[in-house]
Amino acid sequence: MKHNDPVVSTRETEYWSSFRSPWDPRGWSRRIWIIAVTAIIVVVAVVVGAVVGTTARNSGNSYPDYSKLNYTLIDTYSGTSFFDKFDYFHDYDPAGGFIHYVDPDYARTYNLTNATQTTAIVKVDTTVGPGSEPDASTGRFSVRLESKAQYGPGLFLFDVKHTPYGCGTWPALWLTDPNNWPTNGEIDIMEAVNQALNGNLVALHTTDGCTMSDVRREMSGTAGQEDCHNATNSNTGCTVTGAPATYGPEFNAAGGGIVALEWRNEGIRSWIFPRNGQNGLTALPASTGPAPDPSTWGPPLADFPSTSCDLGSHFRNQSIIVNIDLCGYFTEAVWASSGCPSNCTDLVANNPSAFTNAYWEFGAFQVYRALQG
Ligand SMILES: *[C@@H]1O[C@H](CO)[C@@H](O)[C@H](O)[C@H]1NC(C)=O
Ligand SMILES: *[C@@H]1O[C@H](CO)[C@@H](O)[C@H](O)[C@H]1NC(C)=O
Ligand SMILES: *[C@@H]1O[C@H](CO)[C@@H](O)[C@H](O)[C@H]1NC(C)=O
Ligand SMILES: *[C@@H]1O[C@H](CO)[C@@H](O)[C@H](O)[C@H]1NC(C)=O
Ligand SMILES: *[C@@H]1O[C@H](CO)[C@@H](O)[C@H](O)[C@H]1NC(C)=O
Ligand SMILES: *[C@@H]1O[C@H](CO)[C@@H](O)[C@H](O)[C@H]1NC(C)=O
């Protein structure tokens, strides 16, 4: 019955008015009082139970089914053709760094990208300084690579032999759709600033409506902000930080490792497996062969379940991005607390030797897609 049906309303009014007295408590007998009070207690108990139950479900019980998918290799970046699958971004830095991202010719001239059969190196220039022509007074030469291919959900394995670090640096290995940000999402797999002593930062950046708060997660890393929306706190994103050995000098000393990202409808998870299983972190899993199976890998460093985030509408068409930014808001915000000298632009312009550790060294990248069962 619709409430705006005048015939029904009139009839209901007449019906209830003929029984007016039963709703007046002053006329109630002891028996009716007992029934009424019991009814109220039951209603309160049911409502409280439902609220408590919902909270428990959100924070505790509900968790995606991350059971095994059948992954098959669809793309490999390796050997001397490693860089052929990337575009060299060489416009103004969208992140506001003190940098000139170079094109392939400049990269060759300054030897900023170099691929052999076994290794691909991406580095910041360490040659120009005051008196050079050109110099670094308007920013230092560096590289930002964007894969030509764009990917949907899958498993991404990165063999990382050396992570860049040093005062003034802001390196990252990440996924995004450069032309549709933040609509198609951003997944930061490795990121750090300056001396990189505080562990690897993993983060998602999205449009509104994707959160990790009050959501059950299973991971070894430490959750930071839980709202992934880019407009919250100046695009902090939803973050997870790993142990110090997951990035920088400690990670490099262990020979680097395999960095894995699994992006599937149920959630986004990442692992870092140091090559030699040192520093108390899990050793490289055996199953990084032809059919890797993350369901056997144990707890990830970061877990972003789909519980309160519809991943299908927030993440699409992701390119692989590798870059080393210099300065920029993130780096400069923690400059003093990182124990770095002078100020960032002074260091970058005038001290080329400060960037000798500012390089990525990679083995292969592999991209897998789940076969439909
Ligand atoms: C270019 O860079 C690679 C990798 O860092 C290095 O091995 C090589 O010696 C460099 N070549 C020159 C000419 O500087
Ligand atoms: C790349 O590195 C190799 C050795 O690592 C070096 O022999 C070669 O000169 C480098 N390429 C360039 C363009 O400098
Ligand atoms: C967040 O994304 C919106 C577009 O959806 C953009 O207008 C806004 O500037 C972004 N904010 C930040 C802090 O990145
Ligand atoms: C993803 O990329 C494909 C191919 O370029 C394009 O047709 C599609 O519109 C893109 N989807 C979104 C949501 O951006
Ligand atoms: C950075 O340091 C240099 C050298 O000390 C100084 O000349 C410059 O004014 C400083 N810049 C800022 C923004 O503090
Ligand atoms: C994976 O492959 C096995 C063997 O063919 C099959 O039994 C299983 O259902 C597949 N799983 C999925 C999720 O497709």
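Which residue forms a salt bridge with E146, and how far apart are the closest N and O atoms? The partner is R144, and the gap between the closest N and O atoms is 3.0 Å. Both ends of this bridge are out of the solvent. E146 has a relative accessible area of 12%, so E146 is buried. R144 counts as buried too, at 7% relative accessibility. Keep in mind that this is a predicted model.

## Overall picture

The protein has 373 residues, and buried residues make up 44% of them. Its secondary structure comes to seven helices and 18 strands. Take the contacts between residues at least 6 apart in sequence: 75% of them join residues at least 24 apart. The accessible surface is about 18000 Å². Carbon and sulfur atoms account for 54% of that surface.

## Disulfides

How many disulfides does the structure hold? There are four. Count the bonded cysteines along the chain, and the pattern reads 1-7, 2-5, 3-4, 6-8.

| Pair | S to S distance | Torsion about the S-S bond |
|---|---|---|
| C210 and C309 | 2.1 Å | -95° |
| C228 and C238 | 2.0 Å | 95° |
| C327 and C344 | 2.2 Å | -100° |

Start with C210 and C309. Their link is left-handed.

Next come C228 and C238. The torsion about their S-S bond is about 95°, so this disulfide is right-handed. C228 lies in the loop between β12 and β13 (238-241), and C238 belongs to strand β13 itself, so the tied parts are 10 residues apart in sequence. C228 is at 0% relative accessibility and counts as buried. C238 is likewise buried at 0%.

C327 is in the loop between β17 (319-326) and α6 (328-333). C344 is in helix α7 (residues 344-350).

## Salt bridges

The opening pair is one of nine salt bridges found in the whole structure. Another joins D75 to K85, with the closest N and O atoms 2.6 Å apart. D75 is in strand β1 (residues 71-77). K85 is in the loop between β1 and β2 (86-88). The two residues are 10 apart, and the bridge links distant parts of the chain.

K85 has 31%, so K85 is partly exposed. The cut-off behind this is that buried means under 20% and exposed means over 50%.

A further bridge brings together the side chains of E262 and R269, at 2.9 Å from N to O. Both of these residues are buried. They also belong to a wider set. Which residues make up the network of salt bridges? The linked residues are E262, R264, E266 and R269.

## Ligand 4

Which residues are found around ligand 4? They are N184, R316 and N317. N184 makes a polar approach: an N or O atom in the side chain of N184 is 3.0 Å from an oxygen atom of the ligand. How much of ligand 4 does the protein cover? On its own, ligand 4 has 370 Å² of accessible area, and the protein covers 34% of that.

How values were computed
Residues numbered from 1 in each chain as written. Chains lettered and ligands numbered in written order. Predicted model: local features only at pLDDT ≥ 70, side-chain atom pairs only at ≥ 80, totals over all residues. Heavy atoms only, no water. Disulfide = S-S within 2.5 Å. Helix = DSSP H or I, 4+ residues; strand = E, 2+ residues; numbered from the N terminus. Buried < 20%, exposed > 50% of the residue type's maximum accessible area, 1.4 Å probe, protein only. Salt bridge = Lys/Arg side-chain N within 4 Å of Asp/Glu carboxyl O. Near = heavy atom within 4 Å. Polar contact = N/O pair within 3.5 Å; in protein donor to acceptor, adjacent residues only side chain to side chain. Areas by Shrake-Rupley, 256 points an atom, 1.4 Å probe, with all protein chains shown as cover. Contact = heavy atoms within 4.5 Å.
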